[in-house]
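Dear colleague,

Please find the structure below, handed over for your records. A summary of the findings follows it.

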Amino acid sequence: VFDRMIQVVETGVPSEQEQYYYHEQFADQWFYQALAKQGDGVTMTTRNITAHKKLNLETQAATKRLEAVINVSAIALAKLVAVRDSKGATIDFVYEWLNETAIRMNFDSTGKSLLASSPYAATSGLFDLMVKEAETGGMQQKVLYYSSEGHDQWLYYKIVKLDDGVMFSCDNITERKQAEQALQEQIRLIQAVTDVMPDMISVVALPSRD
């Protein structure tokens, strides 16, 4: 503070900045100080901004924790803003934010069009769900089979209204769906075999076996 006061006296250029005090009677307090030259000295105005500053620091810390939680999630998250025509109808969405998982899953980058980057969104019904959610709210859920643009996977979407657009989560459940399909195929095969066999069939689970 003393060095800044000297600089203001010598140069005549005012100084404004936040100052943290960690000793004397002002320990652990923040002040906003303005210095201006007056004659051969300075005028200093001081405003205590401790409460505001601590709240701001706590908010920043909470934001960093939230970002860490979001980015370690195995589920893709994305926020999209509605694009409207002259009559107010939603004709597209633009990606506004994506977490790291969404980026790794090859969702398009921030600022890009949903329909231009993912045409399947229109043909699969995903776009219609997003429009419905943006207009009415309530949350939409759907499992979609994605078999275009070089992909062959099952995706589970949850969509919620957020500001003038939507937020969605996307979970890749391909392995689970493939396991379910394999199980159903096995069940159909067993059923077909048992239907054509003339003998009585019993299945016994022994204690020493699965």
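How many bridges join strand β2 to β3? Eight bridges do so, and β2 (residues 29-38) and β3 run antiparallel. Strands here are DSSP E runs of at least two residues, helices are H or I runs of at least four, and both are numbered from the N terminus.

This is a predicted model, in which local features need pLDDT of at least 70 and side-chain atom pairs count only at pLDDT 80 or more, while totals for chains, interfaces and linings use all residues. Residues are numbered from 1 along each chain as its sequence is written, and side-chain values use heavy atoms, leaving out hydrogens and water.

The sheet. Three strands make up an open, antiparallel sheet in the order β1-β2-β3; two strands pair if DSSP finds at least two bridges between them. β1 (15-21) and β3 (41-48) are the edge strands, each pairing on one side only. Within the sheet, Gln-33 stands opposite Thr-46 in β3. Helix α1 (residues 2-11) packs on the sheet and touches β1, β2 and β3; contact means heavy atoms within 4.5 Å.

Not counting residues up to four places away in sequence, Phe-168 touches residues including Leu-80, Phe-107, Met-130 and Tyr-157.

With kind regards

Terms used. Axes are lines fitted to C-alpha atoms, for helices over the stretch in contact, and angles run from 0 to 180 degrees between N-to-C directions.
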